[in-house]
Amino acid sequence: MKLTRIITLALALMAFTIGQAQSDYLKKANLEYENGGYDEAAVKYKVAYKKEKEIETKAEILYKTGECYKFVHKYGEADAYFSKAITAKYHKQDPIVFYSYGESLLEQGKYDEAIVQFNKYKENGGDVSKAAKAVSEAESAALNIEESESRYEVELMAALCSPYYDYSPVIGSKKGDELVISSSRPASYGGESDPITGEDFADLFVAKRDKKGKWDLPKVLNNTVNTASHEGAASFTKKKDVMYFTRCEVSDNDRFGCDIYWAKKQGKNYAAPTLVPIRAEGDDSTTVGHPFISDDSKFMLFASNMPGGFGGKDLYYITYDKRADAWGQPVNLGDEINTDENEMFPYIREDGALYFSSNGHTGYGGLDIFKADSNGEMSWSGVTNLQYPINSSSDDFSLIFEKEEDKGYFTSNRPGGKGMDDIYSFKMPPLEFVLNAVVYNASTGEPIPGAKVVISGTDNSSYDLQADGNGGVKLENGELIAETTYTADISMEGFIATGDKFSTIGLERSTTFAKEYFLEPV
């Protein structure tokens with residue numbers, strides 16, 4: 001009897017120990033998930049799934065594994081786990097699995113498939129208004145990409161990209177021949193693995209452009225700026241002598257939030273960085289980052305999830321007080337700019353317009369880049385989407401312009417790149433206007449070779465043209481310019497002269513003016 005009791009007690013203790021161990025696996029995975037360590041959480045969830053016996057808990061683990069992969073933009077893996085979670089009936093516990101599946105499909109540009117999942121979310125008891133908004137945005141995104149009127153041309157900057165995360169380019173020299181980027185490539189000081197992405201921690205790199213316009217390979221900045229923790233998303237003062245950047249401290253896989261630092265340039269290197277005290281000391285749940293410093297260094301914009309915002313990460317600004325030699329309290333940019341989702345990566349152009357990235361305003365999927373017009377000092381409204389090809393169904397963010405030019409750089413994880421995030425250039429090609437005219441005999445319908453055509457513009461330009469053997473005349477190669485009205489005087493000996501007028505005023509597309517001029521014989 002005593003032996004039986006001992007065996008029974010030993011078995012019970014063993015069962016308790018196994019159950020406790022299994023519970024610990026899941027606890028650790030959930031803790032990593034809650035802290036944003038999605039890559040590490042996915043690994044732990046896979047272990048917890050094998051140890052778990054409860055069917056409902058296994059289904060939840062499948063869903064959370066899919067969420068982890070979605071957050072680190074591994075959409076193929078995310079889709080596979082969402083599908084497994086649905087097969088395991090997780091939607092009976094929470095229909096959110098359909099919505100998350102739809103979000104993953106949306107970011108891949110699979111709009112029709114995403115709409116199917118959003119509707120399933122609604123049909124299984126999900127929030128009706130949330131589902132309707134998601135369906136509407138997916139339909140709108142598909143239509144807007146097809147009908148985009150953006151004239152921007154976009155190109156992958158292959159020389160600056162790697163198979164890893166390369167993002168947030170910023171001009172780092174007065175001549176505009178240096179780009180400072182953030183990257184998790186192996187040459188970084190951040191040799192530890194980031195539990196969020198599974199890549200090395202990011203550091204700041206610099207790439208230089210030669211006189212022929214060719215960029216060299218990015219080189220890591222000195223170790224006064226870069227550490228074993230995260231550094232990235234930089235901004236420079238107007239003189240390019242001070243750099244502001246984000247640093248997220250990590251120690252033994254513990255995360256302590258993110259802060260903004262500044263470092264003065266010293267030759268080719270930087271002095272030791274100084275903290276900009278924005279978040280409260282000891283507040284490890286708040287992140288502050290993505291700084292943009294104004295040309296007069298009076299204002300700094302940044303993104304933060306600090307309490308009191310509209311949800312997710314909001315955009316804020318602080319004002320520098322020269323007398324006190326200190327930054328003031330954060331001011332939220334308001335609900336014209338911020339939404340209940342995420343707004344990040346602010347940038348102010350010379351004309352005062354604000355550019356930022358958001359997944360809360362209506363876009364094509366993931367983060368899109370938006371523009372807001374200036375209403376005066378630190379006030380903006382009229383948020384508009386920059387459209388395709390700058391925006392895509394993937395994440396598009398961190399846009400900057402080259403000084404006083406309609407070209408610049410941004411980051412995207414769209415298909416066709418070299419790595420996880422890649423850097424792209426964009427430019428606005430000049431408008432091209434062409435006059436293509438033929439002069440005819442009004443009586444016979446035959447062309448009139450040698451006819452004289454004089455084109456005069458309101459910009460005081462004038463062109464004397466003579467019709468070729470087929471009665472044709474042509475103006476191209478930049479001879480016709482934007483925002484100009486032109487008159488045409490057509491004449492030929494033995495014919496009654498005629499005239500015409502055409503204009504490029506208000507045209508936002510390259511246009512060919514195809515004209516036919518008929519002269520009546522005398």
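Me: In what order do the strands of the open sheet with β2 in it come?
Reply: In this predicted model, the order is β2-β3-β4-β5, so that four strands make up an open sheet, and their pairing is antiparallel.

Me: Which strands stand at the edges there?
Reply: The edges are taken by β2, residues 166-171, and β5, residues 219-220. Each of them has a single partner strand, so one side of each is left without a neighbour in the sheet.

Me: And how many bridges join β4 to β5?
Reply: Strand β4, which covers residues 203-208, is joined to β5 by two bridges, with the two strands running antiparallel. As an example of who faces whom, valine 206 has lysine 219 of β5 opposite.

Me: What actually holds paired strands together, in general?
Reply: In general, the strands of a sheet pair through hydrogen bonds of the backbone, and this can be in a parallel or an antiparallel way.

Me: OK, now the sheet with β25. What's the strand order?
Reply: That one is also described as an open sheet of four strands, in the order β25-β24-β27-β29, and the pairing is antiparallel. At its edges stand β25 (462-466) and β29 (498-503), and because each has a single partner strand, one side of each is left without a neighbour in the sheet. On average, and ignoring direction, neighbouring strands of this sheet are turned by 20° against each other.

Me: How many bridges join β24 to β27?
Reply: There are six bridges between β24, residues 452-457, and β27, residues 485-491, and these strands run antiparallel.

Me: Switching to hairpins: which residue takes a positive phi in the one made by β18 and β19?
Reply: Methionine 378 does, with a phi near 55°, in a hairpin that has two residues between its strands. The strands themselves, β18 at residues 368-376 and β19 at residues 379-385, pair in the antiparallel sense over five bridges, and phenylalanine 370 has asparagine 385 of β19 as its bridge partner.

Me: Let's do helices. At what angle do α6 and α7 cross?
Reply: Helix α6 (residues 96-107) and helix α7 (residues 111-123) cross at roughly 165°, with axes that come within 8 Å. With angles over 145 degrees counted as roughly antiparallel, α6 and α7 are therefore roughly antiparallel to each other. The crossing of α6 past α7 is left-handed.

Me: Which residues meet in that contact?
Reply: Among them are Phe98, Tyr101 and Leu105 from α6, and Tyr111, Phe118 and Tyr121 from α7. Sorted by class, the contact of α6 with α7 has ten nonpolar, two polar and three charged residues.

Me: How does α4 pack against α6?
Reply: Helix α4, residues 75-87, packs with α6 at an angle of about 155°, and their axes are 10 Å apart. That makes α4 roughly antiparallel to α6, and the crossing of these two helices is left-handed. The residues that meet include Tyr75, Phe82 and Ile86 in α4 and Val97, Phe98 and Leu105 in α6.

Technical notes. Residues numbered from 1 in each chain as written. Predicted model: local features only at pLDDT ≥ 70, side-chain atom pairs only at ≥ 80, totals over all residues. Heavy atoms only, no water. Pairing = 2+ DSSP bridges. Axes fitted to C-alpha atoms, helices over the stretch in contact; angles between N-to-C directions. Parallel < 35°, antiparallel > 145°, perpendicular 65-115°, else oblique. Left-handed = near helix turned anticlockwise from the far one by under 90°. Contact = heavy atoms within 4.5 Å. Nonpolar A, V, L, I, M, F, W, Y, C, P; charged D, E, K, R; others polar.
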